[in-house]
Amino acid sequence: MAAQAGRVAVVTGANSGIGLVAARELARKGARVVLAVRAAARGEEAAAAIRQEAPGAQVEVLPLDLTRLASVREAAAALAARHPRVHLLVNNAGVMAVPRSTTADGFELQLGTNHLGHFALTGLLLPLLVAAGRDGAPARVVSVSSNAHKFGRIRFDDLMGERRYTRWGAYGQSKLANLLFTLELERRARAAGLPLLAAACHPGYAATNLTRAFGTWLPSLPNRLLAQPAHMGALPTLYAATAPDVQGGDYVGPGGFLEQRGYPKKVGTTAAARDAEVARRLWEVSEDLTGVRYAFAS
Ligand SMILES: NC(=O)c1ccc[n+]([C@@H]2O[C@H](COP(=O)([O-])OP(=O)(O)OC[C@H]3O[C@@H](n4cnc5c(N)ncnc54)[C@H](OP(=O)(O)O)[C@@H]3O)[C@@H](O)[C@H]2O)c1
């Protein structure tokens, strides 16, 4: 990874798993890293751990709860007050296969956290990203999707799973939404001539806290036998965030068996993820639901 000095990076969900490793490694390379986390205490613990492992690391904590649009707006305003430019936004935080519940704004929890919260955050940070991009290399927005996007479907007739809900169906929908969002953001940024690059990544199967919805014992065996460590799972994120050969719309995942493990490479998406009409419709629905409208004028 090239030196990151002089760059401001925001990583959501940076207190755990892939986000923690990505934040630490960006900080080790000299970026000023904002840990955007829902529990300030867990954020401070992560910041202390990063400072210990990477002496001199510049890290700061930003409270952000993606299940509350009010919190997303507060976080964006607090960030703008501290940093006029943001060079990298990593939309990493997520929940997986949880029982049905809703966010403070009434969204199904997985779509609300994984997609809508990040959709709102990115839109609110757009001026800071564009300001950074105007100074040099295009700013980057990297969204963490999943192999689960492959079985996802955007159910416009029941987006919030009110009539029919399955834990994995809702997760797949939210992770497909991450990719549709990335490709639509890239198209819109290009059309507006903005200095912004949108890319996506997925970690394969990595041992993190993501499986906590299943209790403590169930995932521990497969995690130990099959999953790669979090530091390997973070490599696609770091590649998408920093590698010079990444282009808008690229998707990066592990290069090993079934993209479950290994070193990162550019990987493919399903045709559903590249459906520009679904992406446009999801974008409009997301603007309506969140009330965040992107300021694309260049
Ligand atoms: N691990 C895998 O095998 C795998 C596979 C495919 C995709 N992914 C994706 O990778 C990303 C990172 O997951 P991980 O595996 O590193 O899991 P993790 O260790 O559970 O980390 C998830 C992070 O998201 C945060 N988060 C959850 N809800 C939030 C909210 N409402 N507001 C703000 N932050 C919130 C968590 O905060 P708390 O600690 O406070 O809960 C935690 O920091 C996710 O997008 C996930 O879908 C992971």
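This is a predicted model: local features need pLDDT of at least 70, side-chain atom pairs count only at pLDDT 80 or more; totals for chains, interfaces and linings use all residues.
Me: Which residues come nearest to the ligand?
Reply: A shell of residues is the place to start. Here 29 residues stand around the ligand, and Asn15, Ser16, Arg38, Arg42 and Thr208 come nearest.

Me: Which helices each supply at least two residues of that shell?
Reply: Helix 1 (17-28) does, and so does helix 5 (167-192).

Me: Where do polar backbone atoms come up to an oxygen atom of the ligand?
Reply: Look for pairs of N or O atoms within 3.5 Å. Gly13 has a polar backbone atom 3.2 Å from an oxygen atom of the ligand. For Asn92, a backbone N or O atom lies 2.7 Å from a ligand oxygen. Asn209 also brings a polar backbone atom to 3.2 Å from an oxygen atom of the ligand.

Me: How much of the ligand's accessible area does the protein cover?
Reply: On its own, the ligand has 890 Å² of accessible area, and the protein covers 97% of that.

Me: What does Thr208 touch, leaving aside neighbours within four places in sequence?
Reply: Thr208 is in contact with Gly17, Ile18, Asn223 and Ala230. For a sense of scale, take Asp105. It is 103 residues from Thr208 along the chain, and their C-alpha atoms are separated by 28 Å.

Me: Now Asn91. Is Asn91 buried or exposed?
Reply: Compare the relative accessible area with the cut-off: buried means under 20%. Asn91 counts as buried because its relative accessibility is 3%. This residue is found in strand 4 (residues 88-91).

Me: Which side chain makes a polar contact with the side chain of Asn91?
Reply: That of Ser143, at 3.3 Å. Ser143 is also one of the residues that Asn91 touches beyond four places in sequence. Others include Thr12, His118, Leu121, Thr122 and Phe181.

Me: What about Thr290: buried or exposed?
Reply: Thr290 has a relative accessible area of 6%, so it is buried. Its place is in helix 9 (residues 276-290).

Me: Which backbone oxygen does the side chain of Thr290 reach?
Reply: The backbone oxygen of Ser286, at 2.7 Å. Leaving out residues up to four places away in sequence, Thr290 touches Leu69, Arg73, Leu116, Phe119 and Ala120.

Me: Where in the chain are Leu258 and Glu259?
Reply: Leu258 is found in the loop between strand 7 (251-254) and strand 8 (264-266). Glu259 also lies in the loop between strand 7 and strand 8.

Me: Are they buried or exposed?
Reply: Apply the cut-offs again: over 50% is exposed, under 20% is buried. Leu258 counts as exposed because its relative accessibility is 60%. Glu259 has a relative accessible area of 16%, so it is buried.

Note on methods. Residues are numbered from 1 along each chain as its sequence is written. Side-chain values use heavy atoms; hydrogens and water are left out. Helices (H or I, at least four residues) and strands (E, at least two) are DSSP runs, numbered from the N terminus. Buried means under 20% relative accessible area, exposed over 50%, partly exposed in between (1.4 Å probe, protein chains only). A polar contact is a pair of N or O atoms within 3.5 Å; within protein, one must be able to donate a hydrogen and the other to accept it, and residues adjacent in sequence count only if both atoms are side-chain atoms. Contact means heavy atoms within 4.5 Å. A residue is near a molecule or strand if one of its heavy atoms lies within 4 Å of it. Accessible areas come from the Shrake-Rupley method with a 1.4 Å probe; for residues, only the protein chains shown count as cover.
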